[in-house]
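This briefing is intended for a reader who has the sequence and the coordinates at hand. Please consult both while going through the points below.

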Protein chains: 2
Amino acid sequence: MITDFSDRLRSHALAVETRLAALVDGELGASPARRLVEAMRYGLLGPGKRLRPFLVIESSALFGIPLEAALDTAAALECVHAYSLVHDDLPAMDDDDIRRGRPTVHKAYNEATAILAGDGLLTFAFEILARIENRVDARIKLELILELARASGAMGMAGGQMLDLEAEGSPLSAAEIARLQFLKTGRLITFACEAGAILSQATPLQRAALLGYGTAIGSAFQISDDLLDAEGDPAEMGKATAKDAPAGKATLVALLGTEGARTALARRVSEAEDFLTIFGPRAAILNETAHYMTRRQA
Amino acid sequence: MITDFSDRLRSHALAVETRLAALVDGELGASPARRLVEAMRYGLLGPGKRLRPFLVIESSALFGIPLEAALDTAAALECVHAYSLVHDDLPAMDDDDIRRGRPTVHKAYNEATAILAGDGLLTFAFEILARIENRVDARIKLELILELARASGAMGMAGGQMLDLEAEGSPLSAAEIARLQFLKTGRLITFACEAGAILSQATPLQRAALLGYGTAIGSAFQISDDLLDAEGDPAEMGKATAKDAPAGKATLVALLGTEGARTALARRVSEAEDFLTIFGPRAAILNETAHYMTRRQA
């Protein structure tokens, strides 16, 4: 099962990367700002697990939607994720030099190019969703755009990053940390999980179950990320670790300790499983994805 | 006529500002990242002519579309314009401290907040277009989103800003300057002018005429901007002037001299007039807008 899952993760990642490269080349290849497009490609197509696209594809597969029909939504979401990493790594933000084992975009290019590359990737996400050429209904595309914008903007990921910057050095409660992390990390993951329900026009109950599942695994993902920062090997992670504690970052690991955080993580995975019960055995892969959070190494 | 035009510009600006404030309060007012939303508001609602929204409203009025039905498209475009100013002013970009007579966003807040506020405004533009609640057809909304994304991204405005940064200190030809400025400034203006044609599903000829008109006034606007930088009064402009020449910025004023630039500006206005002839007297306001480029003071 574990091997199956890892193979599937890698295989979807490859499909998404191939599609992203084709979209960038096809839509932006003629841009006279060649260095900008190169920096966008660099930020977008470095090594990565493509977890969010994976969730778009698998939440769609739950309703019988083939990979090809979910691929552009997955690609658009990965553009938003990549933009957020490029901007978060900037000196004025988290000031990171290494990402996925390579220099960050502002190190490989420069700061101005990194700001514009992030802007370009964010914009490109909406271009991809608006141009999907298959038989997806226009109202479904609009719903994807609206939900992705809400998940990414001041009410979502960008708002979470702001709260995270403001929180450095100030003590937050467990509830405040959970809210911050739900916005910063969770919202893109819930979008990924809801995407299948939107694309298939699922029932409100099915969509609510996927939202609950996404919320639970988003939280599990963040806790496992914080555990990896506290305990992980920088070489395996491809980025600096043990950064959170000295920076006074608000994490559940700092608040509950390693063991407490592991317990919270296990509870999240169990919640995620519960939300999937209405789908029966069709949800086996999503179930496996929840368990993956407890054993990922990078 | 001049008074009529100025009144109309101010009246539309007020309608757009009122709508923007309502959209921000309504959609983002509940964000826990209050300081981020405040910075977005600051960047969005400072003094401004709202020329791009004006063009959306007037290109729509050309086809009988009432102001209310064009207002959200106008508001979305202004969000993109505002985001571009916030990011362009950053230290790593044009490094400006004053904009519209007030401290720029990174001066009034800080750099990280300014980066996130720009990101939030760009994202909000697409949220506004996707959520338009009136009877606009879903396919029309998607076309607006696609065109706005293309006008703003690596093939448009962001690409132009990249070329502008790369060009500092290196001599460009008149054709290269024109291409750079078409991307950096022209594309949002052509979007504004085409928006009316998209909203009204105008004929291809009508849309092409508005594209030509937008290209001509976009160029006229940029030349008048460069003339104001060379000759304008910083107090009236609300920002630093005489910045281009010391920075080695590629402008037509630097290449052709003040008189040569004035001649080019007059030619652009005349081209804009030509494109409007197919619309007859209905295009009087758009005609007046073209002439406004030759006499604006800020």
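Does B:L286 count as buried or exposed? With 25 C-beta neighbours inside 10 Å, B:L286 counts as buried; a residue is buried if 20 or more other C-beta atoms lie within 10 Å of its own, exposed if 12 or fewer, and partly exposed in between, with C-beta atoms placed from the backbone.

This is a predicted model, in which local features need pLDDT of at least 70 and side-chain atom pairs count only at pLDDT 80 or more, whereas totals for chains, interfaces and linings use all residues. Residues are numbered from 1 along each chain as its sequence is written, and chains are lettered from A and ligands numbered from 1 in the order in which they are written.

**Confidence**

- The model has an ipTM of 0.95 and a pTM of 0.95.
- For chain A the average pLDDT is 93, and 93% of the residues score at least 70; pLDDT is the predictor's confidence in each residue, from 0 to 100.

- The same surface serves both copies, as 100% of the contact residues of chain B recur in chain A.
- The contact involves 46 residues of chain B and 46 residues of chain A, two residues being in contact if their C-beta atoms, placed from the backbone, lie within 7 Å.
- On the side of chain B that touches chain A, two or more residues each come from α2 (34–45), α6 (111–131), α7 (138–152) and α8 (157–167) of chain B. Helices (H or I, at least four residues) and strands (E, at least two) are DSSP runs, numbered from the N terminus.
- α6(B) gives the most to this side of chain B, with 14 residues.
- By class, the side of chain B that touches chain A comprises 27 nonpolar, 9 polar and 10 charged residues. Ala, Val, Leu, Ile, Met, Phe, Trp, Tyr, Cys and Pro count as nonpolar, Asp, Glu, Lys and Arg as charged, and the others, Gly among them, as polar.

**Two enclosed helices of chain B**

- Helix α4 (residues 67–88) of chain B has 22 residues, which should span 32 Å at 1.5 Å a residue; its end C-alpha atoms are 30 Å apart, which agrees. The expected span is 1.5 Å times one less than the number of residues.
- Of the 22 residues of α4(B), 19 are buried, so this helix is largely enclosed by the rest of the structure.
- Helix α9 (residues 174–199) of chain B has a kink of about 55 degrees centred on B:G186. The bend at a residue is the angle between axes fitted to the seven residues ending there and the seven starting there.
- α9(B) is likewise largely enclosed by the rest of the structure, because 20 of its 26 residues are buried.
- Just after α9(B), B:Q201 adopts a positive phi of about 50 degrees.

- B:L286 lies in helix α14 (residues 284–295) of chain B. Residues up to four places away in sequence not being counted, B:L286 touches B:E58, B:L62, B:Y213 and B:L276.
- B:L286 and B:L62 are 224 residues apart in sequence, yet their C-alpha atoms are 8.7 Å apart in space.
- B:F275, in helix α13 (residues 252–276) of chain B, is buried, with 22 other C-beta atoms within 10 Å.
- Neighbours within four places in sequence aside, B:F275 is in contact with B:A209, B:G212, B:Y213 and B:A216.
- A:F54, in helix α3 (residues 51–61) of chain A, is buried with 24 other C-beta atoms within 10 Å. A:F54 touches A:L9 and A:H12, residues up to four places away in sequence not being counted.

**Positive phi values**

- Most residues other than glycine have a negative phi.
- A:R50 has a positive phi near 60 degrees; A:R50 lies in the loop between α2 (34–45) and α3 of chain A and counts as buried, with 24 C-beta neighbours inside 10 Å.
- B:R100 has a positive phi of about 55 degrees; B:R100 is in the loop between β1 (98–99) and β2 (102–103) of chain B and counts as partly exposed, with 15 C-beta neighbours inside 10 Å.
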